[in-house]
Amino acid sequence: MTILSSREFTCIQGGDQNKTELCTKLLDPTKGQGCRYFNEKTRTRISTNWALHGLGINGPWDIEDLVKVGKQEAACPYFAARDLMMEAEIIFCPYNYLVDRNIRESMQINLQGDIVILDEAHNIEEMSRDVGSLYFRVDKILEVIAESKLLCIRRKEDNATYKIIQTYLENLVEFIQVNNLNTVDKFSETCSSDFWTGVQLCELFNIHSLGKGTAKTFEKAASEAIMDFNKAKEEMSRNQDIEPFPVITPLTKRFLEDFTLALQVMASEKLANDYRACIVEAYVKDFSQGYAEKRLRTLQMLCMNPAVIFAPLANAARSVVLASGTLSPTSSFQSELGTAFPHKLDANHVVPKENVYIRGIGCGPTGVQLKANYANVNSLSFQDELGRLVLDVCKVVPHGILCFFSSYSMMQKQIDRWKLNSTWARLEGMKHVLQEPRGSSNLEPVMQKYREIIKSTSEGPQDGITGALLLAVFRGKVAEGIDFSDNEARCVMAVGIPYAVRKDPSVDTKFTYNDMNQLKGLLKGGEWYAVQAFRALNQALGRCVRHRNDWGAVLLIDQRFTEKSSYNYLPKWVKTMWRDSARYNLTWELEQFVARHVERTKNEKSDSVDQKVLAP
Ligand code: SF4
């Protein structure tokens with residue numbers, strides 16, 4: 001076996017720099033620096049099963065084990081894990097290593113005849129589209145221009161290639177900067193141009209001296225620069241004592257490969273229809289400035305059809321298994337991925353029906369209808385009624401409660417209102433209230449606090465506080481990446497159906513693309529749109545009951561959940577446990593449900609203590 005992972009986890013060089021950048025720099029053949037943990041002498045120390053066996057690793061191992069022996073033997077674990085692929089029958093890796101053709105090739109992963117199991121595959125469509133899309137940030141293009149200028153000076157005798165690259169990219173930057181952009185929607189700071197088909201972008205390129213003729217010359221120059229780089233790399237690996245020849249850096253090589261690919265996609269009759277191009281201006285991470293954010297423009301070539309990426313992978317493999325606790329609705333996988341999935345297993349939940357309370361809630365405690373569409377969530381009557389409902393639930397459900405909203409702005413609107421009336425103060429009298437922050441890097445302290453409160457209130461309330469309420473968003477880290485078991489989530493409240501912003505150009509374009517490509521067997525735009533929303537909802541619902549003895553309540557708050565059209569999109573486990581009585585008293589039912597399970601848990605605990613006492 002082997003485990004492939006990023007250098008961030010397996011590089012044993014010290015310091016806190018980005019390990020991928022550090023490694024690329026050290027191993028750049030044109031610089032000739034090298035890494036002391038990766039050379040002919042050290043390479044074989046931990047890179048075979050035999051070698052690992054000799055170092056005490058006899059069975060399945062984890063990344064930490066490999067890093068430990070790597071440090072001990074002064075041998076690079078990152079490259080050892082790759083070398084171990086030669087002997088491996090099972091390879092574990094993040095699934096973008098398989099889906100992304102660039103990573104697949106650089107890792108030398110050959111899927112021919114293999115069985116591929118993609119776990120947590122609910123995002124595979126999105127991920128395939130993302131991998132197939134190409135992004136060209138203005139700051140990165142400027143770096144390539146600066147490098148080309150430098151090479152023009154350093155290679156005075158044969159600088160025509162770099163002059164062509166420099167001029168073409170300068171025109172490209174001008175094209176990106178002069179286009180008029182519009183704000184995506186009134187809550188967003190992002191601006192976008194129109195979305196263009198390949199043909200339309202070619203026409204615009206013609207106007208800006210980037211058209212067919214110059215593009216061909218650029219492609220030729222890019223290919224020469226890449227060949228120069230490869231030649232220098234080969235020479236350096238043969239003889240490390242020679243003076244490095246001035247060529248492009250690996251990052252520029254990658255840029256030139258990607259941009260050449262973008263030009264080819266645009267010119268290709270077969271692929272151009274599967275892509276849409278646009279220019280977006282937004283705040284992005286600036287890795288050169290310690291991850292600060294800066295506002296800049298990006299030329300995006302967005303892949304509309306995930307099958308472009310996924311189908312070749314599926315064709316190469318012997319079989320592909322998509323697995324996830326929250327795959328449903330499954331209707332889009334076959335059409336979107338261009339792959340037939342003849343066998344489907346929709347298993348029952350491991351948790352018995354009596355351990356879960358699930359209900360769709362169309363009205364609040366005073367009978368106000370709760371339909372969380374855009375118009376309603378801004379109304380005071382909705383906000384106040386939702387506040388009353390959350391208060392009622394917090395009153396009767398102890399320990400942790402998760403409450404999901406469609407977006408940060410919607411969540412903030414409710415909070416602002418609850419702070420103005422007495423709702424927020426009353427919530428804080430019962431629960432420690434926390435909010436999921438924007439940006440996953442700020443989540444850790446929030447989660448730490450949440451878990452502390454849950455732990456400290458596990459045996460009973462502390463100063464009247466019975467647990468914590470975490471307000472979060474669908475599609476966020478809390479909804480999709482964190483495990484909440486037992487007291488950490490005794491109730492999940494899902495407010496509304498998390499439809500993506502319909503007017504967002506990237507959503508709108510995909511919607512229209514699907515409608516226009518019905519002959520490919522794609523779902524209609526509206527159906528695709530609903531499937532994506534319910535898959536995000538199902539992810540959040542899945543936070544609640546995590547193992548066989550777990551118990552909890554799941555409340556789907558929106559009048560639309562009580563309608564057949566929405567109910568049909570819910571996963572099987574939710575439907576089989578659904579309580580559909582029209583007349584009910586929510587707080588009374590929840591109280592009974594909680595009391596039953598608190599009692600059961602208490603009995604199970606005392607039984608296990610008795611058994612321990614009786615054990616010989
Ligand atoms: S060769 Fe290995 S140890 Fe050296 S920099 Fe690269 S990843 Fe790190």
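**Aromatic rings, ligand and exposure**

Author: Gladly. Phe136, Tyr168, Phe218, Phe255 and Phe259 form one aromatic cluster. The model is predicted, so local features need pLDDT of at least 70 and side-chain atom pairs pLDDT 80 or more, while totals for chains, interfaces and linings use all residues. Residues are numbered from 1 along each chain as its sequence is written, and side-chain values use heavy atoms, with hydrogens and water left out.

Reader: What makes phenylalanine 136 and phenylalanine 259 an aromatic pair, and of which kind?

Author: Rings of Phe, Tyr and Trp (its six-membered ring) pair if their centres lie within 6.5 Å; planes under 30 degrees apart count as stacked, over 60 as edge-to-face and the rest as tilted. By this rule the count comes to 18 aromatic pairs. For phenylalanine 136 and phenylalanine 259 the centres are 5.0 Å apart and the planes 80° apart, which makes the pair edge-to-face.

Reader: Why is this pair said to tie parts together?

Author: Phenylalanine 136 belongs to strand 4 (residues 134-137) and phenylalanine 259 to helix 14 (residues 250-267), so the pair joins parts that are 123 residues apart in sequence. Here helices (H or I, at least four residues) and strands (E, at least two) are DSSP runs, numbered from the N terminus.

Reader: What makes glutamine 383 buried and asparagine 58 exposed?

Author: Glutamine 383, in helix 18 (residues 380-396), has a relative accessible area of 4%, so it falls under the buried cut-off. Asparagine 58, in the loop between helix 4 (49-54) and helix 5 (63-73), has 56% and therefore counts as exposed.

Reader: Why does the charged end of arginine 295 count as sitting over the ring of tyrosine 283?

Author: The rule asks for NZ of Lys or CZ of Arg within 6 Å of the ring centre and within 35 degrees of the ring normal. The charged end of arginine 295 is 5.2 Å from the centre of the tyrosine 283 ring and sits over that ring.

Reader: Which residues surround the ligand, and how do they divide?

Author: A residue is near a molecule if one of its heavy atoms lies within 4 Å of it. Those around the ligand include Cys11, Gln13, Leu26, Tyr37 and Phe79. Helix 2 (19-26) and helix 6 (77-83) each give two or more residues to this shell. The shell divides into 10 nonpolar, one polar and no charged residues, where Ala, Val, Leu, Ile, Met, Phe, Trp, Tyr, Cys and Pro count as nonpolar, Asp, Glu, Lys and Arg as charged, and the others, Gly among them, as polar.

Note on methods. Buried means under 20% relative accessible area, exposed over 50%, partly exposed in between (1.4 Å probe, protein chains only).
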